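Hi everyone, thanks for making time this morning. Let me put the structure up, and then we can walk through it together.

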Amino acid sequence: MTSRKKCKAPRGTHDIFGMKAFGMSLMELKAKEIFRRFGFEEIRTPIFEESCLFMRSIGQSSDIVEKEMYIFEDRKGRKLALRPEGTAALVRALIEHKLDISNPSGKFFYSGEMFRYERPQFGRYRQFYQIGAEFFGNSSPAADVEIIVLAQDLLASLGVTEVKLHINSLGCQNCRPTFKYALTKYFNSKQDLCKDCLRRLEKNPLRLLDCKIDSDKFIKIPQLLKFLCKDCEDNFNTVQSLLKRIGKNYKIDGRLVRGLDYYTRTVFEIHSNAIGSRNVLAAGGRYDSLVKELGGQDTPAVGFALGSERVLFEAEKSGFFSIFKSPEKIFIAIADQTLFGEAFSFAIKRAREGLKNNTDFSIYGPINRKSLRFQLKFANKIKASKTIIFAKSEFENGKVLVKNMKTKTQAEILITDL
Ligand code: ATP
Ligand code: MG
């Protein structure tokens with residue numbers, strides 16, 4: 001006997017329906033509008049890639065590569081991974097299709113699902129959506145600021161304005177090693193590091209600053225900003241003066257290191273400031289060596305990604321979606337079975353062409369082989385505001401009955417007037 005056990009959505013995934021599905025679409029629409037104004041072109045990359053792409057770009061010692069990737073082999077034994085983030089694939093596509101030639105502005109955006117094997121909790125899923133942008137070929141701090149503005153404008157377009165911008169500079173290949181050395185020395189002198197941090201200390205001491213367990217309990221940790229070389233310092237100062245110039249508040253956060261290995265210089269996070277929220281909504285930064293490391297030309301780059309579910313939650317909480325009215329629902333009913341064909345073709349025609357004096361509506365019905373009583377009940381169930389009833393004697397005079405479902409009043413109306 002076959003098992004009747006119900007299948008459920010896999011742990012860490014979630015179905016998006018109702019207001020959430022509407023919000024998700026609206027968010028993508030808003031994003032496209034804003035990206036367009038800043039000159040960003042859309043790109044869609046596959047959901048899976050060769051797993052080595054992420055190992056090489058995100059970094060062996062990152063949380064993602066160490067423990068969060070969905071890796072599998074296909075039938076020919078190819079090692080593939082469900083994408084955990086968008087940047088690596090975009091860089092791969094840039095190199096593969098020489099996109100810098102077809103789109104010399106170097107501006108691209110994407111949206112889609114990402115996969116990370118994380119412990120599911122509020123705002124953290126195993127399949128989640130991100131919207132992000134990458135700006136290639138521009139090493140100016142102005143590009144960093146443009147990306148930050150873009151991310152914040154996108155949040156604001158969804159009513160998410162209670163946010164705080166955190167920035168930091170991770171330095172470059174010249175100044176970061178000295179800082180790493182100082183950090184290793186500092187943490188080596190500490191006794192009670194967690195298991196993860198002991199491992200991180202060997203591979204990438206910067207990660208210790210990000211540790212949820214350890215990072216808060218130590219004081220006088222060496223500050224990266226004090227180790228920046230002259231170029232990185234000037235660069236970070238320009239980022240700040242440009243942010244001030246356009247009236248953006250920010251907080252310098254010396255512990256902001258980001259989870260991926262490829263960042264250089266400016267990194268940032270946008271935190272929700274709303275009561276009861278402690279989530280990072282969007283994050284990004286500069287990654288000037290990644291394109292070359294993946295086999296492309298030496299190309300500076302900066303980008304960001306936002307977590308759609310987290311942003312959607314904030315948008316909903318701020319009441320943003322309440323300004324959108326759902327369309328008026330109109331139900332088509334038949335009082336006589338012989339009129340089903342007439343009513344059905346009317347419903348299809350009107351759903352396609354619209355009704356006079358009403359452009360925002362949805363059409364439901366008619367239902368075949370059901371009593372009028374049943375159909376009216378159904379109309380109430382779906383919260384139709386009006387039911388258009390096809391009845392024999394009225395129809396013979398070119399009319400239908402239009403019933404107002406709230407007031408229960410009914411009027412005869414010429415079909416040609418609808
Ligand atoms: P966190 O520190 O919360 O794990 P992260 O540094 O791993 O975040 P990024 O890789 O920078 O996150 O991704 C950008 C954004 O994507 C995050 O700011 C967050 O909004 C969202 N995000 C990341 N991981 C998840 C997840 N597992 N579920 C839902 N959203 C996520
Ligand atoms: Mg993470």
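So, the chain first. It is divided into domain 1, which takes in 18–175 + 228–321, and domain 2, which covers 326–417. Taken over C-alpha atoms, the centres of domain 1 and domain 2 are 49 Å apart. Please keep in mind that this is a predicted model.

Now to the ligand. Which residues are closest to ligand 1? Those are Arg116, Glu118, Arg124, Tyr125 and Arg258, out of 15 residues that surround ligand 1. By class, this shell has seven nonpolar, three polar and five charged residues. Strands E6 (127–136), E10 (280–286) and E11 (301–307) each supply at least two residues of the shell, and E10 has the largest share, with four.

Let's look at some contacts. The side chain of Glu118 has an N or O atom 2.7 Å from a nitrogen atom of ligand 1. For Gln130, a side-chain N or O atom is 3.0 Å from an oxygen atom of the ligand. With Gly307 the backbone is involved: one of its N or O atoms lies 3.3 Å from a ligand oxygen. On its own, ligand 1 has 590 Å² of accessible area, and the protein covers 89% of that.

One more site, then I'm done: the second largest pocket, with a volume of about 340 Å³. Its lining has 20 residues, and nearest the centre are Arg176, Lys180, Asp261, Tyr262 and Tyr263. Helices H2 (51–58) and H7 (176–188) each give at least two lining residues; H7 supplies the largest share, three. By class, that lining has eight nonpolar, five polar and seven charged residues.

Thanks, and happy to take questions!

Notes
Residues numbered from 1 in each chain as written. Chains lettered and ligands numbered in written order. Predicted model: local features only at pLDDT ≥ 70, side-chain atom pairs only at ≥ 80, totals over all residues. Heavy atoms only, no water. 1 Å grid on protein atoms, 1.4 Å probe; cavity = no way out; pocket = protein on both sides within 12 Å on 5 of 7 lines; lining within 4 Å. Points joined across faces, edges and corners; volume = space filled by probe spheres on them. Nonpolar A, V, L, I, M, F, W, Y, C, P; charged D, E, K, R; others polar. Domains from an automatic or database assignment. Near = heavy atom within 4 Å. Polar contact = N/O pair within 3.5 Å; in protein donor to acceptor, adjacent residues only side chain to side chain. Areas by Shrake-Rupley, 256 points an atom, 1.4 Å probe, with all protein chains shown as cover.
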